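User: I would like to go through some of the terms used for this model and see what stands behind each of them.

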Amino acid sequence: MERKNNDLVQFLIGLAMLVAGGYAFLARISVHSNIGGRMMLGNIGVAGGLIVVPFIVGIMMLFAMPKKFISKLVTGLGLLLIVVYVIMNINFSFRGANAYEYLLMLVGMFGGLALVLKVLLSDPDRFKDDYDSMDDRESSRSRKSKNVTTTTTTTTTTSANSVEDELEAMKKKYDK
């Protein structure tokens with residue numbers, strides 16, 4: 001007897017493995033910042049506090065000349081410079097793990113990713129025969145139910161060919 005793959009089960013198991021492995025991996029990462037140090041702009045070193053000066057100048061220009069493009073540009077560039085400075089001063093470090101934990105992280109992440117991708121990238125036509133047999137069963141059921149309903153309907157229905165004819169017949173019937 002041939003056992004068929006259950007794609008939903010494989011997808012859910014793969015997703016659970018991926019989430020568990022990713023969580024275990026990310027739980028080992030520490031994030032540190034060095035804000036307050038010097039930022040290098042080309043060959044010029046800028047102290048951490050001075051990085052907000054372009055933003056302050058832009059805000060002053062924005063209040064003094066609210067409709068000028070240059071004031072908006074300086075404010076935007078000052079804000080962008082602050083965001084870049086913060087991002088540049090963030091350090092990530094991986095805290096130590098023994099080999100067993102590290103292998104479990106990798107197997108969880110990449111094994112789960114492989115299962116998820118296997119289901120997502122599988123050939124949809126591989127179940128075509130199953131779908132065809134399901135369609136055949138559904139059509140035979142619907143034919144049987146149509147036969148049952150046609151034999152149980154009463155003979156008082158009109159032989160109308162369209163919906164409009166049927167509506168007219170109902171109006172005449174209930175207007176009396």
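User: What span is expected for helix 3 (residues 69-88), and what does it reach?

Analyst: This is a predicted model. Helix 3 has 20 residues, and at 1.5 Å a residue a span of 28 Å is expected. From its first C-alpha to its last, helix 3 reaches 28 Å, close to that expectation.

User: Which residues of helix 3 are buried?

Analyst: Ser71, Thr75, Gly78 and Tyr85 are buried in helix 3, the cut-off being under 20% relative accessible area.

User: What puts these residues on the same side of helix 3?

Analyst: They cover an arc of only 90° around the axis, so they sit on the same side of helix 3. The face turned away from that buried side carries Phe69, Ile87 and Met88, which are exposed.

User: Why is helix 2 called roughly antiparallel to helix 3?

Analyst: Helix 2 (residues 53-64) packs against helix 3 at an angle of about 155°, and their axes are 7 Å apart. Angles over 145 degrees count as roughly antiparallel, so helix 2 is given that term relative to helix 3. The crossing of the two is left-handed.

User: Which residues meet where helix 2 and helix 3 pack?

Analyst: On helix 2 they include Phe55, Ile59 and Leu62; on helix 3, Val74, Leu81 and Ile82 are among them. Thr75 and Gly78 of helix 3 also take part, and both are buried.

User: Why is Leu113 called partly exposed?

Analyst: Leu113, in helix 4 (residues 99-120), has a relative accessible area of 33%. The C-alpha atoms of Leu113 and Leu18 are separated by 5.9 Å, although the two are 95 residues apart along the chain.

Methods. Residues are numbered from 1 along each chain as its sequence is written. This is a predicted model: local features need pLDDT of at least 70, side-chain atom pairs count only at pLDDT 80 or more; totals for chains, interfaces and linings use all residues. Side-chain values use heavy atoms; hydrogens and water are left out. Helices (H or I, at least four residues) and strands (E, at least two) are DSSP runs, numbered from the N terminus. The expected span of a helix is 1.5 Å times one less than its number of residues. Buried means under 20% relative accessible area, exposed over 50%, partly exposed in between (1.4 Å probe, protein chains only). The arc is that of the directions from the helix axis to the C-beta atoms. Axes are lines fitted to C-alpha atoms, for helices over the stretch in contact, and angles run from 0 to 180 degrees between N-to-C directions. Angles under 35 degrees count as roughly parallel, over 145 as roughly antiparallel, 65 to 115 as roughly perpendicular and the rest as oblique. A crossing is left-handed if the near helix is turned anticlockwise from the far one by less than a right angle, and right-handed if clockwise. Contact means heavy atoms within 4.5 Å.
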